[in-house]
Amino acid sequence: MATTLPPVATTQSPFNPSISHPTQIIISENLKQAALDHIAYLKEFYDHPEYLKKQSREYAVYRYETFWLPFLAETMESDVIPPLDILFVWHSHMLAPTAYASDCERLFGRILSNRVRPRTPQLLQFSEQLWMKKYNRTMPYELDYSSNIQVIPPYTSKIKYALSQAVERQADFYYNVALGHYKDSEFLDEAVKRYKKFIYLKRLNPQLYVVPMYDIDIIWHTHQLFPEAYRRDMIANLQHVLHHDDTVQDRTSNSKLSTSDHETRHKWFELYGDRLPKNGCMYRGKTSKDFYQFVTDFNFLLECQRYTMYVQFLDNKSAATGVTRKDNDNRVSTIVSLHDHSVVGEPLPDQIFAQINSSEQELFARGSSGYIEAHFEADYTDLTAQLSLKIQQKAGYWPMNYFSTLEEFEIPADKLLPITQFNQPVKANNNAGGEEESGGLYFLFNKPIDQYSVLRQMVPTAKRLTIGISAMDINTVIVRYDASQYEEATLDTNYLTQLGTSFLFNLENVTVRQALHSILPVHQDQPTLLNIRHTILNEIDIFTATFNSAIFASCHSLNWSQLPLPNQVSPNHDNSIITFEPEKEEALIIKDHSGDWGIVKFSKDLFTASLDDNVTDKNHQFSLYRFMPDGQVEEEIIYVDWEDDKWLIGSNNFGIEMNTWSISVKRIAIKNSMQYICLGAALISRFDTLFTQIFGRNDDETHLTTATNGNYNDNDLLANDIGKINLNGSTGINNTRNTLSNKTPQMAMNNV
């Protein structure tokens, strides 16, 4: 809902006595609808980073001046629109309204008009037809900058405004208005009202260099994209065209932008009685898009896999199953037998199992059951080249025991390929169920036992030999979060390569607390798969997932400045609009090579709610909002649950076991494994501290230091100061056991 504003003193302007209130500010275009169309093409440009390369920008400037502007000046059609590369040059030119007017009037004798509208396929086709009619084959309408380097012919530019640099500056703007609330109807209604107040503030303070928040800025930018209307409106409101200077970008203390920002806030509060900074409308910094690296081959995660292989002797009526197995010793890569038999001559049981570990040192191990062994042998250089099973019988007497091979079977390479490469999920193919069921087996081998076989002689009822792996094991990668000590550190000029995110201004020489944690295969101490650098900066948590100096993902806490309050947007909004209540919630944002990957949000009483007798399932779940490539936002539910003494957190794509600090990722989500692991590390750290704040801890418990999210503070330029929360609670940890819902979610978790 829109905020009700206090009455504004009816101070008459020295310029025009007829305007004495912000509501009387003249805007002759529908800026609310135009802002939606404006943001749509900003995103389209954002999705084409090849346009931002220096050669591409300069060629687009050449096309704009040499072809588009003359075409626009000659055509009588008002509905023509340029191709995207030219559009962004034109856009950047119009955002310097005095320079645009000067260049147009000097070159064409008038301001060339524009109006913001949707870039529909029909309008693009119409514009291309007119373009080709004029230029024939001289200059194509659309160009592919991703595959072709365009060579600019010699020409002398007559435009005085530095357009290539302007395009580069404006490319960062979209990221700051990219979140869903900037497309919400009620939010935009309020933004237009605040824009009028912004102009009125300038009207009363003509010498003030006014600095807007981003909700105002998107409306201001949109207004300038109607150059003739903007000029008329500003002369009516201010008797001059309000200049938009985007070259002022220094955000350090005592800079022009910093001091003007503080003065604008002060004058705003003095005039209107409310704050200019607003939830969800502040500076977000630069995107991580194309700054972070991305993984193309995920087979290194096979280091994290260790499979239980079931060797089963079945009669014709039995079904293969993998539900029964003994707990494995996670500390070593040896086998614990399914059944321990000590009676000499006891018949062969119906199931034997062995464990695969993908390290070259112990690739396969034996699985024994009484006096029979299942012994797997493999080619160490290529798992798919050879894998054989030897059924062996124990013979001799102690200390001269040995095993002799009864029968040997070769496992087909085509059955091994799906489990040794992360191409797609592995489907269980027995009657027990699908890949989500731990009892569902993926068969490597399924062969009838000949009646004359030695195996039939030993187990007369056995009609069939099957070898399988639990599909759940194959489809889940598990890593371990290994925490290290925190130390004070001073950031240097290369701080971006450490933090991976620039949501604040210059951080050089800033003192932080920092630790470098390791992500390891859950069953091994080596190799280090990933490093998680946890930096506590101005009480903001920053988790950066790195390896060999390359950044793959980051996760940092959010405060009020990034997301709107629920009452700032439409009541029945969809998942694309993420709201945030700082008093009640905490939030983290995850970034990767594509930009914002997701936002996770949870209630501060997530654990204290378990002490309430009236809890529901929703008290023990929170949401991850995933930003999809098509621009949609998908909500992924994350559950918090107790399973006996285990504290589990997870969704259908990933899971965390807080007792062991292990993070699991499903194969279906393997392309997002770096993001899930980084998020998992952040949640482990945050929840470990949050839980300790509520319930206390024993002296021998490991405790991760972490910052906390907080409430509104607008003392600095970017409004990113975060105050500590205070969660009180005296109930011991044992009192919370089994108070959560009995419903067990299908987390991406198997036994570790």
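Guide: Cys104 counts as buried because its relative accessibility is 1% (buried is under 20% relative accessible area, exposed over 50%, partly exposed in between, with a 1.4 Å probe and protein chains only). Keep in mind that this is a predicted model: local features need pLDDT of at least 70, side-chain atom pairs count only at pLDDT 80 or more, and totals for chains, interfaces and linings use all residues. Residues are numbered from 1 along each chain as its sequence is written, and side-chain values use heavy atoms, with hydrogens and water left out.

Visitor: Switching topic: what does β20 pair with?

Guide: Strand β20 covers residues 654–657; strands here are DSSP E runs of at least two residues, helices are H or I runs of at least four, and both are numbered from the N terminus. β20 pairs with β19 (residues 646–650) in the antiparallel sense over three bridges, and with β21 (residues 662–666), also antiparallel, over four bridges. Pairing takes at least two DSSP bridges between two strands.

Visitor: What about the turns?

Guide: β19 and β20 form a hairpin with three residues between them. The β20–β21 hairpin has four residues between its strands, and Trp661 in that turn has a positive phi of about 55°.

Visitor: Who sits across from Ile656?

Guide: Ile649 is its bridge partner, and Ile663 in β21 stands opposite Ile656.

Visitor: Which way do the β20 residues point?

Guide: Phe654 and Ile656 point one way, Gly655 and Glu657 the other, and all are buried.

Visitor: Okay, Asp541 in β13. Is that one buried or exposed?

Guide: Asp541 is buried, yet has no salt bridge (a Lys or Arg side-chain nitrogen within 4 Å of an Asp or Glu carboxyl oxygen). Arg686, the nearest side chain of opposite charge, is 5.2 Å away; Lys and Arg count as positive, Asp and Glu as negative, and His and the chain ends are not counted.

Visitor: What about the whole chain?

Guide: The chain has 16 helices and 21 strands. Of its 752 residues, 55% are buried.
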